[in-house]
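Let's take a walk through a protein model together. Have the sequence and the 3D view ready.

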Amino acid sequence: MKDAFGAPQSLLVLGGTSEIALATARRLIALRTRRVWLAGRPSPALEAAAVELRDRGTDVRTVAFDALDPSAHEEVLGKVFAEGDIDVVLMAFGIAGDQARDEEDPPAAVRVAQTNYTGAVSAGLVCAGALEAQGHGSLVVLSSVAGERARRTDFIYGSSKAGLDAFAQGLGDALQGTGVQVMVVRPGVVRTRANAGQPEEPLSTTPEAVAGAIVTGLRRRSETVWVPGSLRVVMSALRHVPRPLFRRLPV
């Protein structure tokens with residue numbers, strides 16, 4: 001449950017090494033979040049993330065979670081919820097893939113789709129059911145502006161995020177009246193360690209900026225959050241550009 005300061009007291013992160021997720025966890029800990037679960041594949045990076053958050057004065061636990069193993073999601077995540085109510089679930093796992101390579105390697109393209117969409121559908125339904133059973137909570141789904149309209153340069157990744165976005169919106173509608181909020185977050189290109197040194201794209205953002213928008217969206221109980229906010233207007237226009245013209249745009 002939220003405390004007297006309006007902050008969630010517990011957080012479950014699916015994708016426990018995500019830079020956006022960890023930036024969000026830091027902000028929530030500063031607002032009095034007291035228990036954090038970091039779910040992801042066991043790795044030194046996951047343990048390092050847990051240590052860093054523990055140093056901020058909160059109880060942090062790790063749990064082995066693999067988006068590509070949906071048969072285990074109910075058992076793995078069920079054990080987390082059995083430990084006590086979760087106020088916020090942040091679904092932040094995903095892979096970008098390599099468009100040029102993946103077009104020549106269908107199994108690699110399928111891996112992108114299975115991670116970003118199939119794995120998220122499974123984990124999202126399990127978490128939504130648990131949140132509904134406890135009668136409260138928020139499910140934050142990290143989507144992407146790439147899912148708004150397919151581009152030649154990243155349509156494999158973009159299509160997986162489009163599916164995730166549609167799923168999350170429908171799930172939010174299905175949970176109306178249950179006390180559970182679903183919030184879809186649509187950032188532009190996020191500048192992270194993975195793309196450091198690459199030319200900066202227009203309307204790009206940072207993990208810290210996305211984290212700030214997530215915390216604000218939770219407080220406002222928003223259904224959709226764009227980061228930066230100007231992307232809402234830009235994508236509204238781009239969705240209606242005729243395809244022959246869209247193909248020529250430098251997007």
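In which helix is Ala 100 found? Keep in mind as you look that this is a predicted model. Ala 100 belongs to helix 4, which covers residues 99-104. With a relative accessibility of 57%, Ala 100 counts as exposed, because the cut-off for that is over 50%. Now look for Arg 152: it sits 52 residues away from Ala 100 along the chain, yet the C-alpha atoms of the two are separated by 10 Å.

Next stop, helix 3, residues 73-82. Here His 73, Val 76, Leu 77, Val 80 and Phe 81 are buried. They are on the same side of helix 3 because they cover an arc of only 135 degrees around the axis. The general idea is handy: an α-helix has 3.6 residues a turn, so residues three or four places apart point the same way. What lies over these buried residues? The cover includes strand 1, strand 2, strand 3, strand 4 and helix 5. Just past the end of helix 3, Gly 84 has a positive phi of about 145 degrees.

Finally, find Thr 33 in the loop between helix 1 and strand 2. Is Thr 33 buried or exposed? Its relative accessibility is 3%, so Thr 33 counts as buried. The Thr 33 side chain reaches the backbone oxygen of Pro 8 at 2.6 Å. Leaving aside neighbours within four places in sequence, the residues in contact with Thr 33 include Gln 9, Leu 28 and Thr 58.

Note on methods:
Residues numbered from 1 in each chain as written. Predicted model: local features only at pLDDT ≥ 70, side-chain atom pairs only at ≥ 80, totals over all residues. Heavy atoms only, no water. Buried < 20%, exposed > 50% of the residue type's maximum accessible area, 1.4 Å probe, protein only. Helix = DSSP H or I, 4+ residues; strand = E, 2+ residues; numbered from the N terminus. Arc of directions from axis to C-beta. Contact = heavy atoms within 4.5 Å. Polar contact = N/O pair within 3.5 Å; in protein donor to acceptor, adjacent residues only side chain to side chain.
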